[in-house]
Amino acid sequence: MRYLPLRRSKLVGTEGPGSLVINPEGETAIVGALDMWFRDLYGNPADSKKEFEVSEPRLKAILGVDKFYTPPEFREQKVNAQERIANSNLVTPLLKFPQWHYCSYCKTLKKFDLDSTTSYQYCSKCDSKKYFKQVPFVVICGNGHLTDFPWREWVHGNEDTKCTRDLRIQMSGGTTLDSWQIICESCNKRRDLRGVTSVKNTGEEERSNLGDQLNQGSSKKYKCSGHKPWAGDVYDLEECQAPPVAILRNSINAYMAKKISAIAIPGDHSQEVDWIVSKLNSPSKYLVRLNLERHSNLKDKVSFLKDNLRSELKINTSDKDIETAILYLDSSEKTEFDEEGKEQPEKLLREKEFEKLVGRVDAQTLKIEPEWINGQGVENYYSKYLQKFSKVLRLKETVALYGFDRKDFQGDLNFKSYYPRLYKDYANSREKWLPVNEVYGEGIFLQLNLKKIQEWEENEKLQAYFLEYLNRVDHVDHKNIEVLSPRNIMLHTLSHFLIDEFANTSGYNRASIRERIYMGENQVGVLIYISAGDAEGTLGGLVRLGTEEKFFELLDKSLLKSEWCSSDPVCKELGESQGQGINGLNGAACYNCSHIPETSCELWNTYLDRRLLSDEEFGFFKS
């Protein structure tokens with residue numbers, strides 16, 4: 001695979017370890033495991049990873065890892081250069097996958113090596129060097145494994161076949177998988193690909209046509225091979241009993257990143273302390289942090305920082321403030337998350353953020369100005385529904401990638417069970433670390449009236465409608481049980497319509513705007529924000545919509561749009577009768593009305609229903 005530029009934000013997301021990326025020529029590669037990162041073009045380790053280290057104590061305590069690192073940028077070191085560039089030529093490993101290709105002329109199948117850098121190989125049938133195209137299919141399972149389609153085993157109808165002769169693809173030009181015939185040149189066996197992408201759910205167990213039908217004339221099931229091609233050629237296959245499913249290599253469910261993020265919130269100390277902490281966390285101060293660790297005595301550390309930050313420290317900065325900042329940075333291993341909230345650490349994380357978002361904050365990493373508060377501003381139609389909304393003029397978000405799902409998105413909060421998927425050999429890894437990305441941005445925070453919400457949830461028609469929904473999705477294992485309440489589905493749907501309206505007005509596209517939902521017993525709020533700028537933040541296009549005049553107008557437009565979908569009455573009828581989306585988790589919500597880009601939604605466009613917003617009988621905002 002030739003070199004391909006990758007964004008840091010993508011490497012901590014949709015293009016993380018184990019994902020498939022595509023180059024402009026249409027060739028697909030898989031991003032290597034974390035064990036293989038921080039090496040240069042020649043396989044040599046980085047000089048030092050310290051400059052890429054990120055400090056986020058709250059997030060580190062939740063995930064329980066040794067370190068956070070940002071993916072390294074590429075710094076070219078020219079051969080004849082006189083000055084040595086630190087950490088030069090560091091690259092993210094890419095491996096060619098899928099390995100099976102077919103000749104562009106005669107359609108003969110050939111398996112390439114993972115480290116192959118060219119698509120031109122010798123074709124035995126053409127007796128010349130030809131361009132080989134990658135096959136369009138890969139095989140995945142629900143446990144995160146990924147492998148090539150078993151072409152040889154499939155055509156012979158036997159996973160234990162010993163035939164090693166050439167295979168050929170015959171395409172008849174149709175639009176279905178029936179038009180693809182796999183032919184063995186030796187025994188002239190042939191078989192089409194009908195049904196290889198189908199999955200069956202019998203209620204007791206999930207099965208796939210590929211697993212059931214590969215072994216012809218036998219009841220033996222074909223199981224997942226436990227393959228991890230992102231770990232390279234040499235590793236132990238993992239035992240797996242999951243049914244394998246063939247999918248197109250560019251399918252969305254080939255890689256669904258598992259991420260957790262934290263909004264930086266100031267501590268219970270002075271603004272001077274927050275300023276020192278944010279300064280030391282900046283990439284430009286990594287050498288200061290490196291030398292700071294060499295001092296074991298707290299007094300020596302204070303003296304060292306005073307010498308190195310002399311020109312930047314404020315006049316009223318005291319030694320006590322510097323001590324507090326140092327102790328905060330050293331507190332990563334022991335925070336309130338260690339003993340409290342072990343079962344639902346992310347919930348506790350959101351509670352801390354919500355406490356700050358409902359107030360007024362002016363710190364280096366977070367600045368919030370309440371714009372409208374119920375009972376303190378001009379009364380209007382929405383006064384009884386909303387508690388407040390605020391402009392978040394500045395925020396810092398740290399996003400960590402802790403794993404990924406394939407085939408189906410799992411809401412499992414057992415973070416550590418996902419870590420081995422990112423590694424080649426997690427058990428013997430000397431340092432347990434995860435990739436993170438720090439972004440700065442802006443946003444609008446909206447809090448709904450809790451008392452009005454509680455009154456609304458007592459509506460008998462709403463309760464009857466929601467009971468039918470619960471019965472319909474009873475077969476789904478809901479990991480996050482808090483989602484299953486009318487208020488949270490309504491809030492999530494409102495967030496999507498607001499994002500759509502903000503995108504039409506702010507100048508940012510929908511994929512740049514994200515949601516952060518606060519769902520708790522006493523929390524009904526959503527932060528809609530941009531976090532895609534540089535260290536100085538974004539350009540203010542979103543926060544300018546947070547004025548009282550503009551926000552209520554946009555809210556009005558959002559709710560009007562929720563009343564009607566271009567697919568109605570089908571959208572409403574399907575939502576009520578059988579549900580829509582993954583596992584029927586959505587009500588009246590489809591791509592024509594409520595869906596936004598998956599990367600912008602916290603719940604992958606599930607748990608949506610616009611009828612809870614504006615239905616004439618039981619909608620929260622019904623007129």
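Residues are numbered from 1 along each chain as its sequence is written. As the model is predicted, local features need pLDDT of at least 70 and side-chain atom pairs count only at pLDDT 80 or more, while totals for chains, interfaces and linings use all residues; side-chain values use heavy atoms, with hydrogens and water left out.

Side chains of opposite charge can pair when their charged atoms come close. Counting a salt bridge as a side-chain nitrogen of Lys or Arg within 4 Å of a carboxyl oxygen of Asp or Glu, the total comes to 32. One of them joins Glu73 to Arg75, with the closest N and O atoms 2.7 Å apart. Here Glu73 is partly exposed at 31% relative accessible area, while Arg75 is buried at 18% (buried is under 20%, exposed over 50%, partly exposed in between, with a 1.4 Å probe and protein chains only). These two also belong to a network of salt bridges with Arg8 and Glu51.

Arg610 pairs with Asp568, again by a salt bridge, and their closest N and O atoms are 2.7 Å apart. Arg610 sits in the loop between α15 (570-577) and α16 (611-614) and Asp568 in the loop between α14 (548-562) and α15, so the bridge ties together parts 42 residues apart in sequence. Helices here are DSSP runs (H or I, at least four residues), as are strands (E, at least two), numbered from the N terminus. Arg610 is buried, at 1% relative accessibility.

Another salt bridge links Glu238 and Lys228, where the closest N and O atoms are 3.5 Å apart. Glu238 is partly exposed at 33%, whereas Lys228 is buried at 4%.
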